Amino acid sequence: VPEGMANAGILHVRAAGDHYDLAIDPSAFFPGMDKSVRPTEVRPLVLRLSQGADGLWTLSGTGRPSVAADFSNPDGELGHLQVDSGVTADIVFDPSLGFPRSLSLILDKPRWKANVEKATFSFLTDQLSLQSDASNIRQGVADLDIGFSSKGMKAELGPRPVSLSLATFDANWKINSANIKGALKLADFVFQKQKQGFYTLTASEKEAFGKIFRAEIPLLQTLSQHYSVGGLHIANHGESSLAAIKLSIEAANDSDVTKISVAADKPQMPIQSLPYGADLLLPQQFNTDLTIEGFRWDEGAAYAFENAGDQSPEGDVRIRKALIPDDKVTFTFENGIARGPQYDVTFKGSLTGSGTPYNVRPAADLTITMRDLDKTANMLQANANLAPIFRQMSIWLLAAKGFGNEEADGVTRWDIRLSEGGGLTVNGRD
């Protein structure tokens, strides 16, 4: 366990016959517990800890840890906080790795409630689940497969009624060659600063963190992330919702290529929060596969931490150079779809630009199609009283139709080419 974590007062161990009792003190997760926060009840989580003949440690058990506390905010207002959750844990810990070989952690009906004067906040969910498996372990490095899921989440904020509910949320991270030892050094730095308030690090502390970060990169070889949300509803002077959204991100340390896929279904926004008529343009389906070439995320982050005190315009350029070493970024789109009741658009192609303004001329190679363009233009004209820009958009669409190629099934197609020399063609015409 990182020294900073052990010294933070989170963990307490005592012998219990043929095993140990490991108590996790939830109050230690709250900075300022000894000053502005005064606990009225603390119930730790106690798990059974035992070592097998193979040297691996097993940590398992169930409980319902909780914290109740009175506190005062910076304005001197008094409040009360209560956090509790059922917990079922089954963890196999590898001391040579400093990380679990396998982990199953289930939180049953976790809840978080707080109030300050008239303001209130509550969070509860039916279940949170975290699963993790480590494989191909060698010298502090391992391949990780981590999954997280949430069911029946609800959050409310008052006195102005704001609520959020989420039927399901699922996430998965697959990490090849994760530098566990290096990540633990960074975690150790965080926990040592936890009592002081990690989020107010000085510039010199950020630079110290950056030096550790630089020494330990690469923290991973490849990273594949997948997220899925179902049944999202937000109520705040109107209702926003999203039937489903899926997001995937793939990146590699030794490559400047990042791949992102997005698929959204039936987004809805409260009409009063949108410009007049904008609800007519919200897509009911949006998909795209995006490839970004030119970014080196690890180098950019390391340089930003190491030079946290440099706020000059020249420093900003140097950070951009570390993040985009070739000074050129290319975005490539595939399988692009935007569909609504009044339009049906597809897009694919690439856009290229500069990491530092004006050093690389922009270029584009795009193909855009639109089905039933006249239907969309007529809808815009018919609703021009809602938003004057609709009339202009209708005129632009009809003008664009003149440059397009008409294909089967009412589809209009535009092949757009912009060269770095500044030449622009649409369907081969200047």
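Reply: The model is a predicted one, and across the protein the pLDDT averages 86, with 90% of the residues scoring at least 70. Confidence is lowest in helix 1 (residues 3-7), where the mean is 60, and highest in strand 10 (residues 127-138), where it reaches 96. Where pLDDT is low, the predicted coordinates should not be read in detail.

With that in mind, the part you ask about can be followed from strand 14 onwards. Strand 14 (residues 239-252) pairs with strand 15 (residues 257-268) in the antiparallel sense, and 10 bridges link the two. These two strands form a hairpin, with four residues lying between them, and a place to look in this pair is lysine 246, which stands opposite alanine 263 of strand 15.

Strand 15 also pairs with strand 16, again in the antiparallel sense, over nine bridges. Here aspartate 265 has glutamine 285, in strand 16, as its bridge partner. Strand 16 (residues 285-293) in turn pairs with strand 17 (residues 328-340), antiparallel and over eight bridges, and within this pairing asparagine 287 stands opposite isoleucine 337 of strand 17.

Strand 17 is then joined by 11 bridges to strand 18 (residues 343-354), and these two run antiparallel. A hairpin of two residues connects strand 17 to strand 18, and glycine 340 stands opposite tyrosine 343 of strand 18.

Between strands 16 and 17 in the numbering comes helix 4 (residues 297-306), which packs against helix 3 (residues 203-216) at an angle of about 145 degrees, the axes being 7 Å apart. The crossing of helix 3 past helix 4 is left-handed. Helix 3 brings Lys206, Glu207, Phe209, Gly210, Lys211, Phe213 and Arg214 to this contact, while helix 4 brings Asp298, Glu299, Ala301, Ala302, Tyr303, Phe305 and Glu306. Sorted by class, the residues in contact are six nonpolar, one polar and seven charged.

Conventions. Residues are numbered from 1 along each chain as its sequence is written. This is a predicted model: local features need pLDDT of at least 70, side-chain atom pairs count only at pLDDT 80 or more; totals for chains, interfaces and linings use all residues. Side-chain values use heavy atoms; hydrogens and water are left out. pLDDT is the predictor's confidence in each residue, from 0 to 100. Axes are lines fitted to C-alpha atoms, for helices over the stretch in contact, and angles run from 0 to 180 degrees between N-to-C directions. A crossing is left-handed if the near helix is turned anticlockwise from the far one by less than a right angle, and right-handed if clockwise. Contact means heavy atoms within 4.5 Å. Ala, Val, Leu, Ile, Met, Phe, Trp, Tyr, Cys and Pro count as nonpolar, Asp, Glu, Lys and Arg as charged, and the others, Gly among them, as polar. Two strands pair if DSSP finds at least two bridges between them.
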